[in-house]
Amino acid sequence: QMCIRDRWYQRRVHGEVQKAFVDRQHYVYERALISLCYLDDLWIKYFFFIQHQLNDINYLRGLWPKYQHFFSNLNAEIVYFFIDLEEQHSGTADSVKEYYDFMLEKREDLIETHIRSAQFEIRNNNFEKAMDIYKKALNIFASDSSALVYILNLYSTLLLQNGQMDKVWGLYKDYEVIAFTNKGYLLQLATLFRHHRNYFEEKLEDIVRIFEKALSNFNVETHSQDFEVTLNTLIQLVNEGSSNPELRRHVQERKFKFKNLLETDRAYVKFFKEEAENNVDRNAESAEYESIKKNQRVE
């Protein structure tokens with residue numbers, strides 16, 4: 001909670017901003033930050049004031065050590081603001097890289113930190129360094145399937161751009177367990193197959209196996225839409241990419257099996273849901289009956 005002095009400073013800053021006296025605003029911001037240095041929002045307003053009112057970029061860049069001194073758990077929005085500022089005005093990749101290295105050390109819990117760092121390295125043609133950042137991110141976010149799918153997509157795109165098709169396939173094989181909980185992995189794998197069919201045709205049986213394992217692991221009650229999307233994608237892949245009659249026949253058989261499973265599970269879900277609703281009604285009636293009997297005994 002802010003004390004009376006802190007609230008007064010906030011009102012003072014707001015009041016001065018309404019006026020046209022830029023020097024006075026600057027003075028009040030500096031005074032307010034002595035007392036309110038813990039407010040990220042005030043720092044952000046101050047940085048934008050320096051950038052757009054004073055238009056003093058060098059002074060603004062010099063505020064980074066001052067802000068950094070006050071915070072151990074840095075606000076990512078503010079750090080990215082300084083990174084963008086440095087990229088636009090410093091002209092040197094080394095000075096920008098210091099910010100990204102700092103963020104990778106302090107806020108590796110943010111997926112955006114890894115992605116922005118890797119993209120910076122790509123812009124500077126440091127592809128190996130970008131790949132190392134993606135590899136590390138895959139380990140850090142190993143328990144987050146959505147983050148893994150996102151990183152896999154970016155990492156595999158970079159590998160493809162560098163002609164490393166075998167590594168792309170090895171990457172998806174290493175992380176195929178994601179397919180059991182996230183259909184995004186399967187859809188990305190299907191897209192890879194369609195765009196690079198010459199390479200992936202001989203991998204089709206392995207891809208079918210991954211799809212089938214995923215279908216066997218989906219909970220139809222909670223993932224029925226994912227189940228159907230995955231099944232239809234598998235059928236399209238085989239119809240488009242395989243001339244093997246045995247594989248086509250196998251997938252058609254699996255199609256009927258999984259379709260029946262889907263309908264059966266839906267029937268079970270509907271039955272148990274109705275049973276649960278009926279039990280609630282019966283329990284309510286029983287409670288009402290007991291209440292009436294109790295009242296009659298009292299009377």
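Okay, one definition before anything else: a residue is buried if its relative accessible area is under 20%, exposed if over 50%, and partly exposed in between, using a 1.4 Å probe and protein chains only. For instance, E202 counts as exposed at 65% relative accessibility.

Some ground rules, then. This is a predicted model, where local features need pLDDT of at least 70 and side-chain atom pairs count only at pLDDT 80 or more, while totals for chains, interfaces and linings use all residues. Residues are numbered from 1 along each chain as its sequence is written, and side-chain values use heavy atoms, with hydrogens and water left out.

So, the overall picture. The chain has 16 helices and zero strands; both are DSSP runs numbered from the N terminus, with helices being H or I of at least four residues and strands E of at least two. There are 299 residues, and 41% of them count as buried. Contact here means heavy atoms within 4.5 Å. Among the contacts with a separation of 6 or more, 56% are between residues 24 or more positions apart. As for the surface, the chain exposes about 17600 Å², with carbon and sulfur atoms supplying 48% of that. Those areas come from the Shrake-Rupley method with a 1.4 Å probe, and for residues only the protein chains shown count as cover.

Let's look at one helix, α8, which covers residues 111-123. Its 13 residues reach 19 Å from first C-alpha to last, close to the 18 Å expected at 1.5 Å a residue. That expected span is 1.5 Å times one less than the number of residues. What do the buried residues of α8 pack against? They pack against α6, α7, α9 and α10. Those buried residues include H114, I115, R116 and F120. H114 counts as buried because its relative accessibility is 1%. Setting aside neighbours within four places in sequence, H114 is in contact with L104, E108, I133, A137, I140 and F141. After α8 comes N125, with a positive phi near 65°.

Now the cores. A nonpolar core is a set of buried Ala, Val, Leu, Ile, Met, Phe, Trp, Tyr and Cys residues joined through side-chain atoms within 4.5 Å. In general, nonpolar side chains in soluble globular proteins tend to be buried together. Our largest core has 50 residues, and L138, L152, Y185, F200 and I207 touch the most other members. Helix α10 gives the largest share of this core, nine residues. Apart from that core lies another of 33 residues, among them L60, W64, V96 and Y99. Back to Y185: leaving out neighbours within four places in sequence, its contacts include V149, L152, Y172 and I210.

On to the rings. Phe, Tyr and Trp rings (for Trp, the six-membered one) pair if their centres lie within 6.5 Å; planes under 30 degrees apart are stacked, over 60 edge-to-face, and the rest tilted. How many aromatic pairs does the structure hold? It holds 16. One of them is Y199 with F200, an edge-to-face pair at 5.0 Å centre to centre with 85° between the planes. Both Y199 and F200 are buried. Elsewhere, ring pairs link a cluster that includes Y29, W43, W64, F81 and Y99.

Last topic, charges. A salt bridge is a side-chain nitrogen of Lys or Arg within 4 Å of a carboxyl oxygen of Asp or Glu, and this structure holds twelve. In one, R107 and D109 meet at 3.1 Å, N to O. R107 counts as buried at 12% relative accessibility, whereas D109 counts as partly exposed at 45%.

Then there's E176 with R209, at 3.2 Å, N to O. Why does that pair tie together parts 33 residues apart in sequence? Because E176 lies in the loop between α11 and α12, whereas R209 lies in helix α14. E176 is buried, with a relative accessible area of 13%, and R209 is partly exposed at 28%.

Finally, K203 and E202 meet in a salt bridge at 3.6 Å, N to O.
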